[in-house]
Amino acid sequence: MVGNRDCGEGDMGEPMIEFRGVHKSFGDEVILRDVSFRVDRGDAIVILGASGSGKSTILKLILGLIGPEEGEILVGGRDIAPLSERELVEVRRGIGMVFQEGALFDSLSVRENVGYRLFEEDAVDEAEIEKAVRRELGFVGLEDAIDKMPAQLSGGMKRRVGIARALIGSPPVVLYDEPTAGLDPVTKRTILELMIRLRDLEGVTSVFVTHDLHAASVMAGERAVADGGGGVRFLSGGDGAGAARNRFVMLQNGGICFEGDYPGLMRSTDPYVRKFVS
Ligand SMILES: Nc1ncnc2c1ncn2[C@@H]1O[C@H](COP(=O)(O)OP(=O)(O)OP(=O)(O)O)[C@@H](O)[C@H]1O
Ligand SMILES: [Mg+2]
């Protein structure tokens, strides 16, 4: 485990994920060249970049599925590069991954898909798993779909099940790979609201990779607050309601051509950033 999701104010400002001078190539092709960035505990980072710029590669490096040729990747303050596969399994337990298209197992029910991680562990009893599965399905508003098979779900429902699956076991870190790609505006909004709630109300450290600038602007411009009656409200606008702790990184040619907040991204004079945002 990289830490507890329920973190207090005292934990803020502590790096949860950090890349230090990371190089990654596949064969002769250099994908990441001296890439450094950090995400503090409870913060979010949006990594923007064109197709093929290395966004999914960054997520695979954080999960320790692939290793860098150079540099350090710290998760919860610990460099994961030298870890054994067994130690990496422990690290991955603290990270929820939302795959593009949901990536559900077609032959498993929604219950089995969401509970997969816990079913695999053996140590957790069935009643506990059922409770956890229902809690995460409740969070994404799909408790009624628990007995369904993936083929019976719409694309948007699959994405929400994919989020519930990532949240099982309350990992303190959640990685999202293009979670809004190919969705209609209403479903996309639902997914973004879930991500904002996790960031603002659940203390989750989030890494969101996308080429969707509109999704990025929603993450930057809105904040979730509990309304006191068990509901959630989303604040937006120029009144400082936007997410101060949501950072942005843009990849280009293997490097980072922008790092900072959303207003900074919009004001950037870097020619590639201008092309991307216009
Ligand atoms: N296992 C691999 N072996 C060889 N090349 C790879 C491998 N994984 C990724 N690549 C290459 O690395 C580059 C970056 O891939 P990556 O999947 O990280 O891009 P991406 O930014 O996620 O793109 P997209 O927006 O299309 O998902 C691509 O050129 C890809 O072909
Ligand atoms: Mg990708």
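User: Which residue in strand 4 is the bridge partner of Glu 18?

Analyst: The partner of Glu 18 is Leu 74. Keep in mind that this is a predicted model, where local features need pLDDT of at least 70, side-chain atom pairs count only at pLDDT 80 or more, and totals for chains, interfaces and linings use all residues. Residues are numbered from 1 along each chain as its sequence is written, while chains are lettered from A and ligands numbered from 1 in the order in which they are written.

User: What makes strand 1 and strand 4 a pair?

Analyst: Pairing takes at least two bridges found by DSSP. Strand 1 (residues 15-26) and strand 4 (residues 70-75) are joined by 5 bridges, so they pair, and they run antiparallel.

User: What makes strand 2 and strand 5 edge strands?

Analyst: The open sheet has 4 strands in the order 2-1-4-5, with antiparallel pairing. Strand 2 (29-40) and strand 5 (78-79) each pair on one side only.

User: Why are helix 6 and helix 7 called oblique?

Analyst: Helix 6 (residues 185-201) and helix 7 (residues 213-221) pack at about 40°, with axes 10 Å apart. Angles under 35 degrees count as roughly parallel, over 145 as roughly antiparallel, 65 to 115 as roughly perpendicular and the rest as oblique. Helix 6 and helix 7 are therefore oblique to each other.

User: Which residues make the contact of helix 6 with helix 7?

Analyst: Contact means C-beta atoms, placed from the backbone, within 7 Å. Helix 6 brings Lys 188, Leu 192, Met 195 and Ile 196, and helix 7 brings Ala 215, Val 218 and Met 219.

Terms used
Axes are lines fitted to C-alpha atoms, for helices over the stretch in contact, and angles run from 0 to 180 degrees between N-to-C directions. Helices (H or I, at least four residues) and strands (E, at least two) are DSSP runs, numbered from the N terminus. Two residues are in contact if their C-beta atoms, placed from the backbone, lie within 7 Å.
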